[in-house]
Amino acid sequence: METAMIPVTPITPTDNNEPLSSEVQPNKRRRKKSIVWDHFTVETVGDGCIRACCNQCKKSFAYITGSKLAGTSHLKRHIALGICPVSRQQNQLTPDSKTGHATDEPKRRYRTTSGFANIPFNQERCNHELAKMIIMHDYPLHIVEHPGFIDFARTLQPQFNMVSFNTIQGDCVDIYLKEKQSLLNFISELPGRVSLTLDLWISNQTVGYFFLTGQFIDTEWNLHRCLLNVVMVPSPDSDSALQQAVVSCLSDWHLENRLFTLTLDQSFLNENVNGNLRALFSVRNPYMLHGQLLVGNCFAHVISLLAQEALWSVGETVKKIRESVKFVKTSDTHEETFFHLKEQLKVPSMKDIFIDDQTKWNTTYDMLVAACELKQVFLCLENSIPDYKIAPSMDDWKQVEILCTYLKLFFDAVSILIAPTYPTASSFYHEVSKVQLELTHAAMSNDAFISNLTKPLKEKFDRYWSDCFLVLAIAVVMDPRFKMKLVEFSFSRIYGEEAGMWIKIVDDGIHELYLEYTAEALPPPETFVEELNESIIPEGNGGIIPKTEPPEEAYLQEGPLEEVADQVSHHEVAHQEGSYHQVGHQEVSNQEVVHQEIPYQEVASQEVPSHDPLISVGDGLSDFEVYISEIGGGQQMKSELDQYLEESLLPRVQDFDILSWWKLNKTKYPILSRMASDILSIPFCTVAHDSVFDTERKKMNNYRSSLRPVTLEALLCAKDWLQYGASESCNATMKMEYCV
């Protein structure tokens, strides 16, 4: 029986796998790019059904059914795997002369990259990228003279001419100078002050290197931390060396009168250095709050000293555990035996023991924690390995567990310094106060071991706490989640009955600091005298009469002066006793009389013609405004600081961004926000995040020590700016401001 054949109409597939109707013009059709369409033809079989027909065997395959697209994978297999009988028969008769394969597999089509082939070679750009590579990855400048690197570069680009040592050194310095100018322009436009940190590196040549880092908040309330200078000094232990480095940085970056705080290593803080710095800044840089915020200690160094002191106090026990770990880890047989014992004892710990790096105290802490969790294995190891004679006793393990409790306290305290982003100053108060509280409590413990362990630690930390508690407390007050409440809460736990005295010191200090910022916001005295002279005009008979203005304008001019005066008087009333504050308020009020002695009736009579029967001026509400200004003149207006402190606390959420909050509220608190910007940018650590746990001072290697001071500073500073994107963010900000 013959099957009736439905006539088919061949069509050309489109790029979106949709068939073209008969109404579509041929010039609008686009050919499919897949190789299968060299072997198949698309045919419409029915309504919404399109099949692909093999040009060789005439067998049809599903392609489009309604809205479903079958794809082309099965069509490729039909040709590539030799499933088509006609194609397979032809290939057997005429095999491929090159490969000998019977199947003619479709060739894959590759897109050409002609755009890259047309890029011309640029020797200058290659030199620039080579210099950046050397800077960012600490490669030696002599790499351009290494035969292996020269051959590698020639293999990549035969046209590249390798530069000399002097040329690449000059290119690195050029990058540094360009980035430095960009950063200098950015710092010069900052609205606030800059805080500095100072760290000392040593070398085998007994030459010192001071690293000075700047920290500040920009106009968009982003916190920046940039290495500014690397100053080489011949005698780092001399009192003048530190002063020389600081003076060089202030002059180089035009920071006179803009320095807010200086944080340095505690080992520098002797009486001579402290006195020399304060004498220097009193001349070159007037400091805030009588210099109480000027010099601080590095928090990471202080905690590192405490950790070393604690480890030293239990040194013999720590040595036993370290030797036990070495006994296991330096022998495959011992380690295998240790592992089998762990399985037999079913110790639940997932930690593995390892030998610590004694130059980083956190590795010793991790080693002790892992060993404590596996102490049962160590106790049984002596029975399995007769050579193991150094097993710690149960008392030793108990002491180490207590030691780890306080090492964890120190580890958690400095963990904020190894976070991806550097924390604001407000983040440090909780960690520092927690250490102070725990050491104070532990020093009074009835346990003799705990008391003997923590008393020396408390004495050392007390010195740090007494030097920095004020700036730490002021910083946390700038956090709208805590304000003075956290200070009051923590001080009551630390100081007990004496907490009120210490809380008052913080409260007085933050109000005094706010008054200094308020005074900066006032116009200079010369401007005030000129405005006062312009407000009076000479009378014909030789006397003077006040210059009259409309009530609305007079009120607007009086407002800011009254507000500042009331802010000053309010602080005096709130924080001083006796009749002194009353006299001060009268003196401020007497200054306001210059603008208030003219009765409103006289001003109104000059503006309103005598023949006008109406007594109201304008819409009649200007009289009301003057009335409010008169009755409100004697009332005290709250300062921005007092308004901020009296408002309720924000909820304590995990991802709170304090800088974004101040950015949103800077219009509400124009003076207080400037103060918050400077305070929140105070650094409490002088070292990089990879040196937080160091137990030794950083040492400059021999290669870097051999470089010229200018070249060394250029390589180190440019690496910091390129690696952390300081200059890129600065350029982006300046471009946005320029476009606006």
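Let me start with threonine 213, which sits in strand E7; helices (H or I, at least four residues) and strands (E, at least two) are DSSP runs, numbered from the N terminus. This is a predicted model, where local features need pLDDT of at least 70 and side-chain atom pairs count only at pLDDT 80 or more, while totals for chains, interfaces and linings use all residues. Residues are numbered from 1 along each chain as its sequence is written, and side-chain values use heavy atoms, with hydrogens and water left out.

Threonine 213 counts as buried, at 12% relative accessibility. Buried means under 20% relative accessible area, exposed over 50%, and partly exposed in between, with a 1.4 Å probe and protein chains only. Leaving aside neighbours within four places in sequence, threonine 213 is in contact (heavy atoms within 4.5 Å) with Ser195, Leu196, Thr197, Arg225, Cys226, Leu227 and Leu228.

Staying in this region, proline 236 is in the loop between E8 and helix H7 (239–252). Proline 236 is buried too, with a relative accessible area of 14%. What does proline 236 touch, not counting residues up to four places away in sequence? The list is Leu200, Thr206, Gly208, Phe210 and Ala241. Proline 236 and phenylalanine 210 are 26 residues apart in sequence, and their C-alpha atoms are 8.3 Å apart in space.

Now backbone angles. Most residues other than glycine have a negative phi. Tryptophan 221, not a glycine, has a positive phi of about 60 degrees. Its loop runs between strand E7 (208–217) and strand E8 (223–233), and tryptophan 221 is buried, with a relative accessible area of 7%. Lysine 58 is also not a glycine, and has a positive phi of about 65 degrees. Lysine 58 lies in the loop between E3 and strand E4 (60–65). Is lysine 58 buried or exposed? At 59% relative accessibility, lysine 58 counts as exposed.

Strand E2 (residues 40–46) and strand E3 (residues 49–54) run antiparallel and are joined by six bridges; two strands pair if DSSP finds at least two bridges between them. Phenylalanine 40 has cysteine 54 of E3 as its bridge partner. Two residues lie between the strands of this hairpin, where glycine 48 takes a positive phi near 75 degrees.

On to helix packing. The axes of helix H4 (residues 123–137) and helix H6 (residues 165–188) come within 9 Å and cross at roughly 80 degrees. Axes are lines fitted to C-alpha atoms, for helices over the stretch in contact, and angles run from 0 to 180 degrees between N-to-C directions. H4 is therefore roughly perpendicular to H6, a term for angles of 65 to 115 degrees. H4 contributes Asn127, His128, Leu130, Ala131, Lys132, Ile134 and Ile135 to the contact, and H6 contributes Ile168, Asp171, Cys172 and Ile175.

Last, the cores. A nonpolar core is a set of buried Ala, Val, Leu, Ile, Met, Phe, Trp, Tyr and Cys residues joined through side-chain atoms within 4.5 Å. The largest has 107 residues, of which Phe299, Leu368, Phe410, Phe461, Met478, Phe491 and Trp662 touch the most other members. Helix H16 (residues 448–477) supplies the largest share of this core, 16 residues. Another core, of 65 residues, lies apart from it, with Tyr176, Phe211, Ala241 and Leu280 among its members.

For the whole chain, there are 29 helices and 13 strands, and 43% of the 740 residues count as buried.

How values were computed:
Parallel < 35°, antiparallel > 145°, perpendicular 65-115°, else oblique.
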